[in-house]
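Dear colleague,

Please find the structure below, handed over for your review. My notes on its aromatic rings and one surface patch follow.

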Amino acid sequence: MAEHLDVLVVGAGISGIGAAYYLKNRCPERTFAVLEGRPNIGGTWDLFRYPGIRSDSEMYTLGYAFHPWTADKSIAKAPLILDYLNDTIDTYGIRPHIRYQHKVISASFSTPDARWTVQIANGESGETIEITCNFLFMCSGYYNYDEGHCPDFPGRDDFAGQVVHPQFWPDDIDYTGKKVVVIGSGATAVTLIPELAKKARKVTMLQRSPTYIVAGPSEDKIALWLRDRLPKKTAYRLSRWRNVLVHQFFFTLARRAPKFARKQIREGQLPYLPDDFDFSHLDPQYNPWDQRICLTPDADFFDAIKDGVAEIVTDTIETFTETGLKLTSGTDLEADLIVTATGLKLQFLAGVPLVVDGEAIKLSDLLTYKAMMFSGVPNMALSFGYTNASWTLKSDLTGEYVCRLLNHMKRKGYRVCVPENHDPSVNDTPFLDFTSGYITRALADMPKQGSKAPWKMYQNYPLDLLMIRYGRIDDKAMQFS
């Protein structure tokens with residue numbers, strides 16, 4: 001017979017570890033396991049190995065609400081984040097619940113039995129095993145770990161050098177004294193280029209269109225000042241809320257007064273760049289926060305440009321050549337190494353096929369409830385963070401909510417919960433309103449959000465806090481049986 005657990009958590013990254021904490025502390029009578037398809041915990045922070053890999057959100061909000069971030073750096077590199085996650089696991093006794101190399105391959109729900117049957121590929125034994133559970137908590141992130149986005153560039157096989165995607169950075173690569181071209185202008189490129197510039201002869205960021213890039217300190221002086229004078233948890237909460245409110249203010253300002261926000265971003269760039277710098281390379285055609293803004297901690301990206309080691313070229317690729325790239329403008333870029341920082345492939349629910357009562361579920365037909373459950377899908381939640389703020393702010397709220405929901409069901413004797421939309425005035429809208437390429441490429445396969453609560457995703461932590469932590473569990477949309 002299949003093993004049975006009350007809850008299965010899928011993924012042992014930031015979301016899954018947080019989910020395990022909340023289950024262990026707020027639903028202590030529930031049995032649960034965390035299934036991790038890879039050999040290690042950490043998700044993003046263990047998968048990516050490219051030089052300089054770091055957070056692009058400050059750690060007072062990317063860290064958990066329940067476990068203070070105590071390192072000096074608020075913009076932290078991956079090894080420091082992994083140390084923090086391992087410390088979290090050990091501090092709260094989560095490690096025994098994690099099962100490595102357990103990759104979920106399908107999940108089927110039976111309403112009469114009020115349970116999921118989950119098929120799992122066990123990477124250690126090579127067997128396919130089965131576990132049943134009452135509640136399925138998907139914490140597997142939002143992109144494909146096995147495949148990144150890389151356009152089919154013409155002539156790619158003609159290039160005599162090495163082509164690398166940052167998602168699959170080899171351990172033995174040596175770029176010392178070489179000419180490197182990084183294709184892309186997103187967060188990965190902005191992170192990579194200052195690190196490559198420490199050893200490379202020349203680093204060129206080749207972009208089709210500019211991105212907003214802002215400089216910020218890698219240490220939060222106010223947070224450190226508070227930490228030296230207040231109890232650790234009090235200082236952490238104050239720093240966390242200060243950063244939440246400051247960030248929400250600037251996001252709202254950018255959306256309501258984009259011209260003013262553009263001007264502020266430009267004025268912030270001026271002190272760090274050469275007097276003769278061509279600012280057309282940093283002048284996006286979209287408004288601030290229509291896409292995520294890139295952070296350069298301590299202005300390291302701008303410093304690499306000012307030092308003359310890095311440069312930005314705005315153009316498109318006509319073809320790869322033996323010695324580099326030929327651009328549409330006719331310019332030739334020489335390169336020994338080309339890095340395709342061209343983005344991620346979004347993947348909801350780890351690509352796991354879902355079946356409910358014998359019927360296959362198509363994600364694009366679903367409406368998201370509070371951005372963490374799906375219309376017509378029983379006893380399942382998704383941890384999906386913010387695109388305009390730290391991921392963990394929302395994943396923390398989702399972990400809290402799932403425990404409130406499970407405890408409510410236990411008190412009332414319910415076995416099944418499922419969101420259902422019976423309001424004809426709710427209109428479907430895209431799940432995310434960002435214009436970033438990795439999002440627009442995947443919109444057709446994403447679920448939808450609704451035009452009003454509880455189906456609308458607000459991208460607003462204070463508002464979500466009120467709705468998710470303090471809102472009614474038994475609202476009109478949530479059906480229990």
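Ring pairs join F48, Y50, Y142, Y143, Y145, F348, F384, W391 and F431 into a cluster. Here rings of Phe, Tyr and Trp (its six-membered ring) pair if their centres lie within 6.5 Å; planes under 30 degrees apart count as stacked, over 60 as edge-to-face and the rest as tilted. The model is predicted: local features need pLDDT of at least 70, side-chain atom pairs count only at pLDDT 80 or more, and totals for chains, interfaces and linings use all residues. Residues are numbered from 1 along each chain as its sequence is written, and side-chain values use heavy atoms, with hydrogens and water left out.

By this rule there are 31 aromatic pairs. F66 and Y92 form an edge-to-face pair, 5.4 Å centre to centre with 85 degrees between the planes. F66 lies in the loop between α3 (59–62) and α4 (78–91) and Y92 in the loop between α4 and β3 (98–100), so the pair ties together parts 26 residues apart in sequence. Helices (H or I, at least four residues) and strands (E, at least two) are DSSP runs, numbered from the N terminus.

Y414 and F480 are stacked, at 4.9 Å centre to centre and 20 degrees between the planes. Y414 is in the loop between α10 (391–412) and β22 (417–419), and F480 in strand β25 (residues 478–480), 66 residues apart. F480 is buried at 19% relative accessible area, whereas Y414 is partly exposed at 32% (buried means under 20%, exposed over 50%, partly exposed in between; 1.4 Å probe, protein chains only).

Yours sincerely
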